[in-house]
Amino acid sequence: MKTAVIVFPGSNCDRDIAVALEAVTGTKPQMVWHGESALPSGLGLIALPGGFSYGDYLRCGAIAARSPVVQAVVEAADRGTPVIGICNGFQVLTETGLLPGALMRNSGLNFVCRDVPLTVDNSQSIFTSAYRAGEQITVPVAHHDGNFFADAETLDRIEGEGRVAFRYTHDINGSARNIAGLLNKAGNVLGMMPHPERRIEAAHGGTDGRKLFEGLLEAVS
Amino acid sequence: MKLRIIVTLKNGVLDPQGKAIQHALGGLGFEGVDDVRAGKIFELDVADSTSDAAIDEMCRKLLANTVIENYRIERA
């Protein structure tokens with residue numbers, strides 16, 4: 001499977017996700033700089049990595065969401081190409097409008113950096129098909145602005161449509177309804193604050209994140 | 001033309017930073033501060049020919065995230 005990782009000034013998990021994608025797919029992803037206006041063709045996955053794109057200026061992910069390459073990502077997502085945004089990538093996806101809501105400062109105001117237990121809420125998506133519904137997994141988080149907010153009507157709608165992919169088992173950052181990972185309506189876009197790319201091999205302390213990429217590879221190939 | 005764009009959080013959106021500032025004011029001995037909401041101000045210097053529609057679009061497309069924020073445009 002051909003994959004691409006978008007690299008912004010200030011991205012710092014781009015190499016982590018590249019290593020994870022190569023480990024699972026056997027093919028090095030193409031690293032695409034933010035100033036590009038076109039993406040490689042035939043991509044099975046576009047990844048928006050974690051980090052602090054553009055220094056988190058204005059709002060986390062706000063400037064990245066208006067960069068030339070992200071316009072191409074939005075068009076690819078609209079055509080059905082799978083897109084995953086992790087941590088800052090999730091913030092970018094909400095800023096583009098591909099995913100609803102917004103990610104705000106953590107309710108405790110602290111940067112939260114530790115392993116957290118998650119529940120797999122929807123195991124039917126292309127990103128979560130290797131998990132069982134209700135399965136508990138452990139994946140690290142590292143963020144200051146992961147407090148998911150949407151109005152009650154939006155929350156009811158996305159829950160009703162089965163678009164919550166992952167939830168924190170308990171409150172870590174104030175996120176509405178403990179939402180940790182969210183799908184778009186078509187199911188080809190996933191945004192999540194936890195870092196599955198940091199749980200790929202036993203040396204990472206577990207492989208719970210690897211299944212996300214393995215499931216995706218199987219689902220799209 | 002100088003503009004001032006004031007961006008504030010919508011009602012109902014929790015503002016942990018505002019809460020922390022409120023508590024800090026209390027800690028300094030200021031009593032009766034019932035609430036604090038943090039926001040942003042942008043000062044723009046734009047060409048006189050800039051249309052109202054373009055200014056509004058700047059706010060909607062970038063300066064404010066209208067999922068969580070309101071904006072107000074003041075002409076200096």
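## Strand pairing in chain A

V5(A) has A47(A), in β3(A), as its bridge partner. This pair belongs to the parallel pairing of strand β1 (residues 3-7) of chain A with strand β3 (residues 45-48) of chain A, which is made over three bridges. Two strands are taken to pair if DSSP finds at least two bridges between them. Helices (H or I, at least four residues) and strands (E, at least two) are DSSP runs, numbered from the N terminus.

The model is predicted: local features need pLDDT of at least 70 and side-chain atom pairs count only at pLDDT 80 or more, while totals for chains, interfaces and linings use all residues. Residues are numbered from 1 along each chain as its sequence is written, and chains are lettered from A and ligands numbered from 1 in the order in which they are written.

## The nine-stranded sheet

Chain A holds an open sheet of nine strands in the order β2-β1-β3-β4-β11-β10-β9-β6-β7, with mixed pairing. At its edges stand β2 (30-33) and β7 (136-143) of chain A; each has a single partner strand, so one side of each is left without a neighbour in the sheet. From one strand to the next, the twist averages 25°. Axes here are lines fitted to C-alpha atoms, for helices over the stretch in contact, and angles run from 0 to 180 degrees between N-to-C directions.

## Helix α4 of chain A

Helix α4 (residues 88-96) of chain A lies across β3, β4 (83-86) and β11 (189-192) of chain A, and runs at about 120° to β4(A). Nine of the nine residues of α4(A) are buried, so this helix is largely enclosed by the rest of the structure. A residue counts as buried if 20 or more other C-beta atoms lie within 10 Å of its own, as exposed if 12 or fewer do, and as partly exposed in between, with C-beta atoms placed from the backbone. Among the buried residues are F90(A), V92(A) and L93(A), together with N88(A) and E95(A).

The packing partners of these buried residues are β3, α2 (62-65), α3 (68-78), β4, β5 (102-104) and β11 of chain A. Contacts are defined by C-beta atoms, placed from the backbone, that lie within 7 Å. Just after α4(A), G97(A) has a positive phi of about 90°.

## The surroundings of D16(A)

D16(A) is part of helix α1 (residues 14-25) of chain A. It has 19 C-beta neighbours inside 10 Å and therefore counts as partly exposed. Leaving aside residues up to four places away in sequence, D16(A) touches E197(A) and R198(A). Between D16(A) and S129(A), 113 residues apart along the chain, the C-alpha separation is 22 Å.

## Fold and dimensions of chain B

Chain B contains two helices and three strands, which follow the pattern β-α-β-α-β along the sequence. Its radius of gyration is 16 Å, well over the 11 Å that the globule rule gives for 76 residues, so chain B is more spread out than a compact globule. The radius is taken over C-alpha atoms, and the rule is 2.2 Å times the number of residues to the power 0.38. Along the principal axes, the C-alpha atoms of chain B fill a box of roughly 50 × 25 × 15 Å.

Of the 76 residues in chain B, 11% are buried. Among its contacts between residues at least 6 apart in sequence, 69% join residues at least 24 apart.

The strands of chain B form an open sheet in the order β2-β1-β3, with antiparallel pairing. Both β2 and β3 of chain B are edge strands with a single partner, so one side of each is left without a neighbour in the sheet. Neighbouring strands are turned by 20° against each other on average, direction ignored. Strand β1 (residues 2-9) of chain B is joined to strand β2 (residues 40-45) of chain B by six bridges, and to strand β3 (residues 69-75) of chain B by seven bridges. I6(B) stands opposite I41(B) in β2(B) and has R72(B) as its bridge partner in β3(B), where V7(B) is partnered by Y71(B).

The twelve residues of α1(B) should span 16 Å at 1.5 Å a residue, and the end C-alpha atoms are 16 Å apart, which agrees. The expected span is 1.5 Å times one less than the number of residues. G29(B), which follows α1(B), has a positive phi near 95°.

## Contact between the chains

The contact takes eleven residues from chain A and nine residues from chain B. On the side of chain B, helix α1 (residues 16-27) gives the most, with three residues. By class, this side has seven nonpolar, two polar and no charged residues. Ala, Val, Leu, Ile, Met, Phe, Trp, Tyr, Cys and Pro count as nonpolar, Asp, Glu, Lys and Arg as charged, and the others, Gly among them, as polar.

Terms used:
Contact = placed C-beta atoms within 7 Å.
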